[in-house]
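I opened the model to look up how each chain is built and how the two copies are related. My entries follow in the order in which I made them.

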There are 2 protein chains.
Amino acid sequence: MVGDNIPRIHSLIDVAIARESQILIFTGGLGPTPDDLTTEAIASYFQTPLVENVAIVEDIATKFAKRGRTMTPNNRKQALIPEGATVLPNPIGTAPGMIWQATTNLTIFTFPGVPYEMKRMWQDTAVPHLKTRGWGKSIIHSQMMRFRGIGESTLASKVAHLFDRPNPTVAPYASKGEVKLRVSAKANSIPEAQQLIAPVVAEIQAIAGNDYFGSDDDTLASIVGSQLQARQQTLSVAESCTGGGLGSMVTGISGSSSYFLGGIIAYNNRIKTEFLGVKSADLIEQGAVSEIVAEQMALGVKQKFQTDWGIGISGIAGPNSDDTQKPVGMVCTAWASPDNNVVSHTFLYGEDRARDLIRYLSACDALDGLRRQLTP
Amino acid sequence: MVGDNIPRIHSLIDVAIARESQILIFTGGLGPTPDDLTTEAIASYFQTPLVENVAIVEDIATKFAKRGRTMTPNNRKQALIPEGATVLPNPIGTAPGMIWQATTNLTIFTFPGVPYEMKRMWQDTAVPHLKTRGWGKSIIHSQMMRFRGIGESTLASKVAHLFDRPNPTVAPYASKGEVKLRVSAKANSIPEAQQLIAPVVAEIQAIAGNDYFGSDDDTLASIVGSQLQARQQTLSVAESCTGGGLGSMVTGISGSSSYFLGGIIAYNNRIKTEFLGVKSADLIEQGAVSEIVAEQMALGVKQKFQTDWGIGISGIAGPNSDDTQKPVGMVCTAWASPDNNVVSHTFLYGEDRARDLIRYLSACDALDGLRRQLTP
């Protein structure tokens, strides 16, 4: 990491040259504001003048017009690249990057710092550029396996015998709401790597059983979506503590309108009784955060919205408990099935967990519970 | 950045020693799995044995028990620290860190890689530890000013005369759904820094007007929440393309139950007519993504839920349009006020924007529109 500071960027280029690096990749610092110094610093290091690229100016102006905004003078700065450099187009943002053969031995790439812009440009332009120049003959290809319902350390101890393999390698990762194992193979082509990966993936799947839910771009929401689509079944949700987070997760999947009808955010208890048919007596006796209330929410929304499945969530996201003194992190979730059978579960996410995380995990486990019921 | 690799971690310590660094801070690699090598690598570099810390073992066992899980043998690994090191407790996760005076001149800190655990431990333990040892006498204190409704380049050009100031400095940032200006002062104390910052903040506020919505930990949801609380007014939401994302954003604020009653996720058009009173004729003639439909959604949910305010959102999140061929990124949002007045606006987020981003920005602007109506 290097600051927005020309002398510090120059010393970084010194290091790259001293290491005889052949490729130097910069991300960030390509924007319109005075602290965006990357291109200027690179050009001045190699004493090369900056020239305005007409195509970039036009592209930026078009993008601003499309969003109904006017280009400001400082945006023209983004069109300056060192003489001799090639523009690396940015299909989804305003700041383009560049590819520049700065010296015989050193090629410099710049990308904007916005991750999704950078990734897209890397895939679309930089990778093909490098491949035609002989890079990337031997490749590393990975399959990221995703798990829910098992802790990182438990999963790791079950597959520990795979961690010392040289090729493919297996490495564990934990992130918000899931545990992952990355199976990576080094090979001469993607098909060859996939062949090396397949038996290891199969072995892990056999060990993990239904705690494995998908790989790579799969999410709990995409998997549940495919399952519902395959069965031609529909879903609705009734949310209290997640406040819409489950619906938002479900509708994050393009095409979810074919199986998701909608839901009721019943944050207030009056909404739970009036719109979901939750019994006031149960709210008073058991409290809003109880399996009986979650069950009535799931059944209520399923019946109101006339869907095959209904999910109800009621919990304490914290940082404070409700008047029942139930622990923060206690979340009751219920699933109503096409035959009006309801099952429920109480999750204890831990009183030390942050509000956002408790809400996020609640939505994940609501989907995971449905996934398990939909799995043959 | 350094890989999970002992020789590479050793060369990193070599670099720190060659630079005569007095403090070396590691994050990550403290977990239970075999690729978590940080502590082991540090101990072996200084040829110091690892010893099991009984307090850590007990703490981890307690935390597992609280979440209803069993500690696996590999979790014991997290209790190993170099002889002579002090445990840096982790109040919200299992992996603790350490503070270790490795040599007379070098103190090593380790933190888990999970950002919210690391930040909490840094604030709670590392900062006080360093302060008592004479560090941090001169401090840098910042106020992060937050804006919505103005682009980064437009804002930057309006405050360009402030970018060259030495103290406090002003630096622009852009992130998802907002533009930020960080005003930072170097001083001997926080109050002294605040005194330097105040006039610059006031000047920027005057320039930006209502596009400035808050600073530091403020969010659009927290600001709208405070405004509603101050007026003792309530809110409900009717969401189509955001699928619950707006409700989720509103309920991300602890205490939101005092002003947020809930909402209807009307993803399907049948739900829009049956539960929100949207007219079928308007859905057919204008399409679901139209201001007239958004207005009926806002009024419908406000009346059904008996709240002071109602918000309706209907849009095309992409990647595909609906059967009307309206552009991806077109989102119609409406606000119904306590006197049943409804205003609406059509946002064009751009066809090149990702589905998630369009949904996120839609929720931000729905809140921002309410904020502007609630601002005196």
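Burial came first: I found that 52% of the 376 residues of chain A count as buried, where buried means under 20% relative accessible area, exposed over 50% and partly exposed in between, with a 1.4 Å probe and protein chains only. This is a predicted model, in which local features need pLDDT of at least 70 and side-chain atom pairs count only at pLDDT 80 or more, while totals for chains, interfaces and linings use all residues. Residues are numbered from 1 along each chain as its sequence is written, chains are lettered from A and ligands numbered from 1 in the order in which they are written, and side-chain values use heavy atoms, with hydrogens and water left out.

**Chain A as a whole**

I listed 12 helices and 15 strands in chain A; these are DSSP runs numbered from the N terminus, helices being H or I of at least four residues and strands E of at least two. The radius of gyration of chain A is 26 Å, well over the 21 Å of the globule rule for 376 residues, so chain A is more spread out than a compact globule. That radius is taken over C-alpha atoms, and the rule is 2.2 Å times the number of residues to the power 0.38. Along the principal axes, the C-alpha atoms of chain A fill a box of roughly 80 × 55 × 40 Å.

**Relation of the copies**

I then laid chain A on chain B: a turn of 180° with a shift of 0.0 Å along the axis gives an RMSD of 0.1 Å. That is the relation of a two-fold axis. The superposition is by least squares on the C-alpha atoms of residues with pLDDT of at least 70 in both copies. Which residue of chain A comes closest to the rotation axis? I found Gly244(A), its C-alpha at 1.9 Å. The copies meet through the same surface, because 98% of the interface residues of chain A are also interface residues in chain B.

**Strand S12**

I noted that S12 of chain A (residues 260-266) runs antiparallel to S12(B), joined by five bridges; strands pair if DSSP finds at least two bridges between them. In this pairing Ala266(A) stands opposite Gly262(B). Within chain B, S12(B) also pairs with S11(B) (residues 235-239), in the parallel sense and over five bridges. Here Ala238(B) stands opposite Ile264(B).

Is S12(B) mostly covered or uncovered? It is mostly covered, with seven of its seven residues buried.

Definitions and conventions. Contact = heavy atoms within 4.5 Å.
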